[in-house]
Each structure stands twice: as structure tokens, then as C-alpha cells.
Amino acid sequence: MARAAGSRASGRTLVQWLDSAWVRPVGLIVVIVVLWELAVRLFAIPPYLVPKPWDVILVLVHERDMLLAESVPTTIATIGGFALSVAVGIPLAMLIAGSRTVEAYLYPLLVFSQSIPKVAVAPLLVVWFGFGMAPKVISAFLLGVFPVVVAGVQGFKSVEPDMRDLARSVKASWLQTFMIVSLPHALPSIFSGLKVSVTLAVVGAVVGEFVGANSGIGFVLQRSIGNFELPTMFAALTILALIGVVLFWTIDLVERLAVPWHASQRADVIATA
């Protein structure tokens, strides 16, 4: 009996471990890598088209110092552009949501700006701001600000008018109404926009590095493509994906701490229970 109970408990523990939040994506990545290896071997794909996963892993191991060093300027540009997107996007969302006149003038202009390819704008940024960190930060900002504005406008507009009327009835000031009513109700939508923004900021930083940089992951990608060093290119793409994942998880952690009362967070608690 005791042995059977122990085996059931260990089996239950194994199932819970396999179903944990971090094991599932890692398991999927392992499956993708195995399928990638099998496809390369079965279809005899030449290495100058698609490298073997093992070759990419060797580059990640042997060139780790170089890849980590080159990831630093890309990460700095991404965080700088994302921070600028937050600093500009949320006030813009407040203005647009609070005034129909501002919305009529500004919102169409923002939508129009997103129709312009950032790859076409990036060379102009190099001409205007020179080679350095500024063009990469601005490129990341241009890609990251729009989701923040859209999500912020949606969040601020979703506040119930009755809640604002209640705040006015107790003679709350504009700042008190904003801090107690508007901002908490808009935070879930804002965080949704921030998650999209931080991943787009990574893309924007790399676009800036493509056109005017001598360092960064974008520079490594451009150099490896020119030299047909496909394993190095795939290794750089892996580092780039890891940067995006870490930043996304960071925003998700901040969201869990900032809005634990929201239904999206309560759903995790209910599912765990």
C-alpha cells in the first residue's frame, strides 16, 4: 500500500513537472530542433542554405563571448527605445482618449506614420543623427510607440463613466481621479501594448543596426549574411530571440505585480487551484 501510494505520488509529481510553465516551451523547442535535424539529414539540404542545429550550437558555445558582447548595444538600444515609447506613448494616449479634437487630428497621423516602412526611414536617421546609439534608439521607438498608444487609448476609453462621476461626487481632484480610477482600469490594456511594444523595439533596434552600426546583433547578422556564415547568422537570431523573450517576461512579471486583481491574473490562480 505504502509503495503504491508512493509511486502514485511520484507519478503525480512527474506529471506536474512536465506540465509546468517553463518545461512545455523548452520541450517544444527540443522537438523543433530534432525535426530540424531530421529534415536537414533526410532531404540532404546543403549547409549554405540551412545549417545543422549542432553547427549552430557549436557557434553559440565557441563564440559566446563575442555574441554576448554584441548583444549589449542591441539590448541597450531596445530598452532605450522602449522606455521612450512608454514616456511618449502613454501621455499621447491620455490626450487622445481625453479629447476628441486631439484624437481627430493626431490619431490619423499616427496610423499614417505606421504605414511608412522603418527600413526606409532608418538611413535618414543615420544622416540626421550620425553613427551611434541615437539612430537605433529612435528606430526602436518608432516601431514600439504605436502599440503603446493604441492600447493606452483603448484602456483609458474603457473606464466606466459612472466611476468618474463617483469620484467627482466625492470632490476628488483630477489627479486623484486619474490615479484611483482611470489608471488602474487602463493598466491591463496598457500592459498588453507594452508586451507588443518591447518585442517590436527589438526589431527596431536591429533595423537601426542594419543601416548604420559597427556593433550589435544586427551588425553580426549583416556580416554573417554577406560572408554566408549561416551558423553564425542562426546563432545571432537565437540570441536576438532570447533578448525579446527575456524582455517580454520582464514586462509580464511587472504586470503580475502591478495588476494582481485583474481577471487575467486570477485565471492562473484558479487553474492552479
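## An aromatic pair

Let us begin with Trp36, which counts as partly exposed because its relative accessibility is 23%. Please keep in mind that this is a predicted model. A search of the whole structure finds one aromatic pair. Its members are Trp36 and Phe234, whose ring centres are 5.5 Å apart, with 35° between the planes, and the pair is described as tilted.

## Another residue by Phe234

Ile57 gives a further view of this part of the model. Ile57 sits in helix 3 (residues 53–62) and is partly exposed, with a relative accessible area of 36%. Along the chain, Ile57 and Phe234 are 177 residues apart, and 9.4 Å separates their C-alpha atoms.

## A buried threonine

Now look for Thr74, which you will find in helix 4 (residues 64–98). With a relative accessible area of 0%, Thr74 is buried. Setting aside neighbours within four places in sequence, Thr74 is in contact with Ala205, Val206, Glu209, Gly216, Ile217, Gly218 and Leu240.

Next, find helix 6 (residues 118–129) and helix 7 (residues 133–157), whose axes come within 9 Å and cross at roughly 145°. This crossing of helix 6 and helix 7 is right-handed. On the helix 6 side, the residues that meet helix 7 are Lys118, Val121, Leu125, Val126 and Phe129. Helix 7 contributes Ala134, Pro135, Ile138, Ser139, Leu142 and Leu143. Sorted by class, this contact has nine nonpolar residues, one polar and one charged.

An unreviewed UniProt entry carries the annotation "transmembrane region" for residues 21–44, 76–97, 109–131, 137–156, 177–194, 200–221 and 233–251.

How much of residues 137–156 is helix, and how far apart are the end C-alpha atoms? In the model, this span is 100% helix and 0% strand, and its end C-alpha atoms are 27 Å apart. For residues 200–221, the figures are 77% helix and 0% strand, with the end C-alpha atoms 17 Å apart.

Technical notes. Residues are numbered from 1 along each chain as its sequence is written. This is a predicted model: local features need pLDDT of at least 70, side-chain atom pairs count only at pLDDT 80 or more; totals for chains, interfaces and linings use all residues. Side-chain values use heavy atoms; hydrogens and water are left out. Rings of Phe, Tyr and Trp (its six-membered ring) pair if their centres lie within 6.5 Å; planes under 30 degrees apart count as stacked, over 60 as edge-to-face and the rest as tilted. Buried means under 20% relative accessible area, exposed over 50%, partly exposed in between (1.4 Å probe, protein chains only). Helices (H or I, at least four residues) and strands (E, at least two) are DSSP runs, numbered from the N terminus. Contact means heavy atoms within 4.5 Å. UniProt positions are given in the numbering used here, feature names are shortened, and annotations may be inferred rather than shown by experiment. Axes are lines fitted to C-alpha atoms, for helices over the stretch in contact, and angles run from 0 to 180 degrees between N-to-C directions. A crossing is left-handed if the near helix is turned anticlockwise from the far one by less than a right angle, and right-handed if clockwise. Ala, Val, Leu, Ile, Met, Phe, Trp, Tyr, Cys and Pro count as nonpolar, Asp, Glu, Lys and Arg as charged, and the others, Gly among them, as polar.
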